[in-house]
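Good morning, and thank you for making time.

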Amino acid sequence: MRKPVAFITGAGGEIGHALITRLSENGTPVVTLDLQPLAADLATRVVREFTGSINDGALLERLLAQYEVVHIYHLAALLSTRSEFTPLTAHQVNVEGTLNLLEFAQREGESHGQPVVFVYPSSIAAYGLPSVDVKMRVGRVKEDEYVHPTTMYGCNKAYCEELGRYYARHYKQLSVDTIPRVDFRALRFPGLISATTVPAGGTSDYAPEMIHAAARRQPYECFVRPDTTLPFMAMPDASAALIALAEAPREKLTRTSYNVGAFSRSAEEIRQTVQAAFPDARISYRIDGKRQGIIDSWPADVDDTAARADWRFAPAYDFDRAFREYLIPTIGRFYAS
Ligand code: AKB
């Protein structure tokens, strides 16, 4: 008998850390895949860890033979700044990798007769606002507005949302199999801030980098203008949102992709809050034109009414609470240990 499990790709990354911890605390058996072995504290929380690529067909075959995957959290991706340096690799990982995983989900669903819930973290990078003026004037953006991504990563995310929709609604349904085998659900994350991990290769990274540098007593040069505004979310809310979307009753979902947000702040507001929490912090500005251009095309805030209505998304942390009750105490303990 194959064991029913949740399967996480890119499990060793920032979101994976939080998600493995939360799922294992809930008693969910988790199987992971990452290019690197998991950190020791995570490895003890999973039933099986595979080390390898999402583009390794033989590895996915082994997984199919051994596990009944009921939920897939497909986190593996190259983030936005890194994808601009290596766009073809980004396409291979972000698009071809996702296609492989959707095909894997289809075959899992066919083998155990139930649709596999495929949770896909998309991003505010799927949006492309034409100018900073428009960005600041429109404020909260709805899911179907301004979906004109400017980066390779944003294009990959927007297209994979469509691929997921295709697998969930149309794939093979004209031929042999009329029942959808993939239950695809996407959420568009804002910038994420974790107290225990530092992101790599993203463009919203200035916020977490500023906080972690201050906690480590290191100087930090913020690469965007002080007035640059983005939506953000604390990592515990991100992992909770992934699970809530995975567990939502199918009939309640009115969309394929949902915005989720928690608080929208400018770089300067974040700097001032970090400075108040860590009075020794040395934060200055040194603008990187390319990264600024990317952030200027992302929305200042998102309208997440649909997520709140359909699957009761409700972030626990607003800006003040995120700093007061999560970031400052947790980061303090993290670096002390
Ligand atoms: C990035 O900056 O690339 C990510 C994202 C917003 O998807 N953090």
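In what order do the 3 strands of the open sheet come? Before I answer, please keep in mind that we are looking at a predicted model. The order is β8-β10-β12, and the pairing within this open sheet is mixed. The edge strands are β8, which covers 191-193, and β12, which covers 263-266, and each of them pairs on one side only. If you look at how neighbouring strands of this sheet sit against each other, they are turned by 45° on average, with direction ignored.

Let me stay for a moment with strand β10, residues 229-234, which pairs with β12 in the antiparallel sense over 4 bridges. Within this part of the sheet, F232 stands opposite F263, a residue of β12.

Now to the helices. Helix α8, made of residues 206-215, lies across β8 and β10 and runs at about 20° to β8. Helix α9, residues 235-247, also lies across β8 and β10, and the angle given for α9 is about 75° to β10.

Finally, how many disulfides does the structure hold? The number is 0. For C155, the nearest cysteine sulfur is that of C160, 11 Å away, and since a disulfide requires sulfur atoms within 2.5 Å, C155 is in no disulfide. C160 is likewise in no disulfide, its nearest cysteine sulfur being that of C155.

Are these two cysteines buried or exposed? C155 counts as partly exposed because its relative accessibility is 35%, whereas C160, at 0% relative accessibility, counts as buried.

Key. Residues numbered from 1 in each chain as written. Predicted model: local features only at pLDDT ≥ 70, side-chain atom pairs only at ≥ 80, totals over all residues. Heavy atoms only, no water. Pairing = 2+ DSSP bridges. Helix = DSSP H or I, 4+ residues; strand = E, 2+ residues; numbered from the N terminus. Axes fitted to C-alpha atoms, helices over the stretch in contact; angles between N-to-C directions. Contact = heavy atoms within 4.5 Å. Buried < 20%, exposed > 50% of the residue type's maximum accessible area, 1.4 Å probe, protein only.
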